[in-house]
Amino acid sequence: MGYRLEDLYEVLAYIIKDLGLRVAIIGDTSIYYFLGERVFNKDLDLFVYEGSVLDKEDLLRRGASERMWEIGSTEYGTPKISVRKNDEEIEIELYENIYDFYIPQEIIEKSKDIRIRDIDLKIIYPEQHIVLKARAGGEQDIESLRVYSDMVKEGVLRLGLAKIKETASLFPEEERLILSRLRSAGFNI
């Protein structure tokens with residue numbers, strides 16, 4: 001069945017307006033958003049690029065409790081909110097630069113601005129997402145990259161080579177490894 005970003009307005013408004021955090025949509029949602037899809041089936045990954053969700057965690061937990069949302073944790077120990085919409089449970093995972101999870105500010109600055117009703121947020125471009133996946137390099141990340149590579153070969157997904165290389169260059173010590181992982185996943189880079 002899925003959900004639309006508009007279905008998560010209350011959660012997004014709480015995070016952005018009430019907690020004062022600035023967020024960007026990252027993760028698989030960014031790929032499908034740019035393919036024109038507006039109904040999503042996977043969790044929603046948000047990157048906090050201004051403010052700190054860890055600093056606001058007590059407020060987040062209190063607000064979630066008042067709204068009957070469940071709170072858990074991501075693999076990095078950052079908060080994850082679970083909400084029920086249309087008989088589905090949707091997870092909204094919040095990330096920030098912590099441990100080895102790192103998104104350079106330049107990626108956020110070059111991402112797309114979107115608006116959901118009266119709230120503004122950002123969404124990263126597919127090229128940026130695949131570079132972040134290649135940098136992470138886990139088994140699931142590589143498998144996702146293979147799926148995206150197949151989508152490119154099938155003509156479903158179009159990617160800009162220059163934008164991929166520009167994004168990879170933001171990780172100078174890992175750039176060669178990132179590009180190598182992309183090649184091994186089937187991208188012609």
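**Note on the fold and its nonpolar cores**

1. Leu-46 has contacts (heavy atoms within 4.5 Å) with Leu-12, Ile-15, Val-23, Ala-24, Ile-25, Ile-26, Ile-92, Glu-93, Leu-94 and Tyr-95, leaving aside residues up to four places away in sequence. Apart from it lies another core, of 29 residues, including Ile-26, Phe-101, Tyr-148 and Leu-157. A nonpolar core here is a set of buried Ala, Val, Leu, Ile, Met, Phe, Trp, Tyr and Cys residues joined through side-chain atoms within 4.5 Å.

2. The model is predicted: local features need pLDDT of at least 70 and side-chain atom pairs pLDDT 80 or more, while totals for chains, interfaces and linings use all residues. Residues are numbered from 1 along each chain as its sequence is written, and side-chain values use heavy atoms, without hydrogens and water.

3. The largest nonpolar core holds 33 residues, and Leu-44, Leu-46 and Ile-81 have the most contacts inside it. Among the elements giving two or more residues to this core are α1 (9-18), β2 (44-50) and β4 (79-85). Its largest share, seven residues, comes from α1.

4. The chain has eight helices and seven strands, taken as DSSP runs (helices H or I, at least four residues; strands E, at least two). Its radius of gyration over C-alpha atoms is 17 Å, close to the 16 Å from the globule rule for 189 residues, so the chain is as compact as a globular protein of that length. That rule is 2.2 Å times the number of residues to the power 0.38.

5. Buried residues (under 20% relative accessible area, 1.4 Å probe, protein chains only) make up 49% of the 189 residues.

Definitions and conventions. Buried < 20%, exposed > 50% of the residue type's maximum accessible area, 1.4 Å probe, protein only.
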